[in-house]
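Subject: A structure for you to look at

Hello,

Here is the structure I promised to pass on. Please open it beside this email and follow along as you read.

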Amino acid sequence: MSNSYSSVWITGGSKGIGRSLVEVLAPRSEQIFVSARQSTALQDATQSNSIHAIPFDANDQQSIIAAQRRVAQQADFIDLLVVNAGICEYFDSHSLSSEIAERVMHVNYTASVQLIEAALPLLRAAVRAGKKPKISVISSSIVFLPLPRSAAYAASKAALTQFCEALRYDLANEGIDLQLVFPGFVATPLTDQNDFDMPFKISSGEAAERIVKGLDQGKANLQFPKRFTFWLVAIDSLPASIKSWLLRKMSPIKNLKRDDHESKA
Ligand SMILES: NC(=O)c1ccc[n+]([C@@H]2O[C@H](COP(=O)([O-])OP(=O)(O)OC[C@H]3O[C@@H](n4cnc5c(N)ncnc54)[C@H](OP(=O)(O)O)[C@@H]3O)[C@@H](O)[C@H]2O)c1
């Protein structure tokens, strides 16, 4: 059965997966609120009368609260919240940066928590209105197998995933469903910057279709494409020595000998 929605709020809806979600959800939603930083892309994504631009910056909690107030002025409740805004930055052991790790953690984890906190009163209002509201949180398949260079991103998505896993049972008892989504590689402006092969990459349109279908089917955890996540889980369950051999081959850092370390010291 295809769900229809009264009021949907999608963060990171100006491009990539979020933008495709706006397009897929538009025919089955009375109104959609689309959040991202103020940009031409956000204006482009909100050309229809029923799609509203609600700018916010995930780095600024006050702007998340202000965005919630703007949504609340236009909707009595939200029956679908899509927590999608996110960033990805890579480093290896030589370029390790706590500043990058903190930035990625803030946008992907802290701001997502702040958003859920801000949106909860509107989701509870949907329950009171007799709806069955949902939260869809876009995590990543990186949580199945953290790969070299992805330390900051993997940590942020693991934190988000664990937070949501623990929270979902309280929310279920309140009448609010929480879906976790674990995409593999999706062609978006985010992955356009990657300088490595991305096996089984799918389009953002296909990703959006799968997320919306997963919501229709009431899937609590949704991973795709399975032909990619299967390999991640399989490699993760290999004996530690074989897994280490494989992942060290993927590391950009050469296999340094003790002498190399001494000459670099
Ligand atoms: N693409 C993939 O292969 C892939 C795989 C697994 C998971 N994911 C996850 O899917 C989500 C969407 O990724 P995507 O590939 O569609 O990325 P994208 O094309 O770069 O889009 C990211 C969205 O987030 C918004 N955003 C970024 N920083 C923000 C900030 N500080 N404040 C408010 N909005 C901000 C962007 O808008 P502005 O920049 O205009 O603010 C944009 O709308 C992310 O959570 C990502 O981690 C992606």
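The expected span of a helix is 1.5 Å times one less than its number of residues. Helices (H or I, at least four residues) and strands (E, at least two) are DSSP runs, numbered from the N terminus. With its 13 residues, helix 7 (residues 204-216) should span 18 Å, and the end C-alpha atoms are 18 Å apart, which agrees.

Please keep in mind that this is a predicted model, where local features need pLDDT of at least 70 and side-chain atom pairs count only at pLDDT 80 or more, while totals for chains, interfaces and linings use all residues. Residues are numbered from 1 along each chain as its sequence is written, and side-chain values use heavy atoms, with hydrogens and water left out.

Let's stay with helix 7 for a moment. Buried means under 20% relative accessible area, exposed over 50%, and partly exposed in between (1.4 Å probe, protein chains only). The buried residues of helix 7 include Ala207, Ala208, Ile211 and Val212. Just after this helix comes Gly218, with a positive phi of about 70°.

Now for the strands, which pair if DSSP finds at least two bridges between them. Strand 1 (residues 5-11) and strand 2 run parallel and are joined by six bridges. Between them the chain passes through helix 1, and this β-α-β crossover is right-handed; that is, with the strands pointing away from the viewer, the path from the first strand over the helix to the second runs clockwise. Helix 1 (residues 16-25) has eight of its 10 residues buried, among them Ile17, Leu21 and Val24. Strand 2 (residues 29-35) is mostly covered too, with six of its seven residues buried.

Which residue of strand 2 stands opposite Trp9? That is Phe33, whose bridge partner in strand 3 is His52. Strand 2 pairs with strand 3 (residues 51-53) in the parallel sense, over three bridges. Together with helix 2 (residues 40-45), these two strands make a right-handed β-α-β unit.

Further along, strand 6 (residues 177-183) pairs with strand 9 in the parallel sense over four bridges, and Phe182 stands opposite Gln223.

On a 1 Å grid over the protein atoms alone, a cavity is a set of points where a 1.4 Å probe fits but cannot get out; a pocket is an open set with protein on both sides within 12 Å along at least five of seven lines, and lining residues have an atom within 4 Å of a point. How many cavities of 30 Å³ or more does a search of the whole structure find? It finds one, and the largest cavity has a volume of about 60 Å³. Its lining includes Thr11, Phe56 and Leu115, and helix 4 (residues 98-128) gives the most to that lining, with four residues. By class, the lining has seven nonpolar, three polar and no charged residues.

The second largest pocket holds about 170 Å³ of space, and Trp245, Arg248 and Lys249 are among the residues that line it.

Last, look at Ser4 in the segment before strand 1. Ser4 is exposed, with a relative accessible area of 58%.

Enjoy exploring!

Methods:
Grid points are joined across faces, edges and corners, and a volume is the space filled by probe spheres set on the points. Ala, Val, Leu, Ile, Met, Phe, Trp, Tyr, Cys and Pro count as nonpolar, Asp, Glu, Lys and Arg as charged, and the others, Gly among them, as polar.
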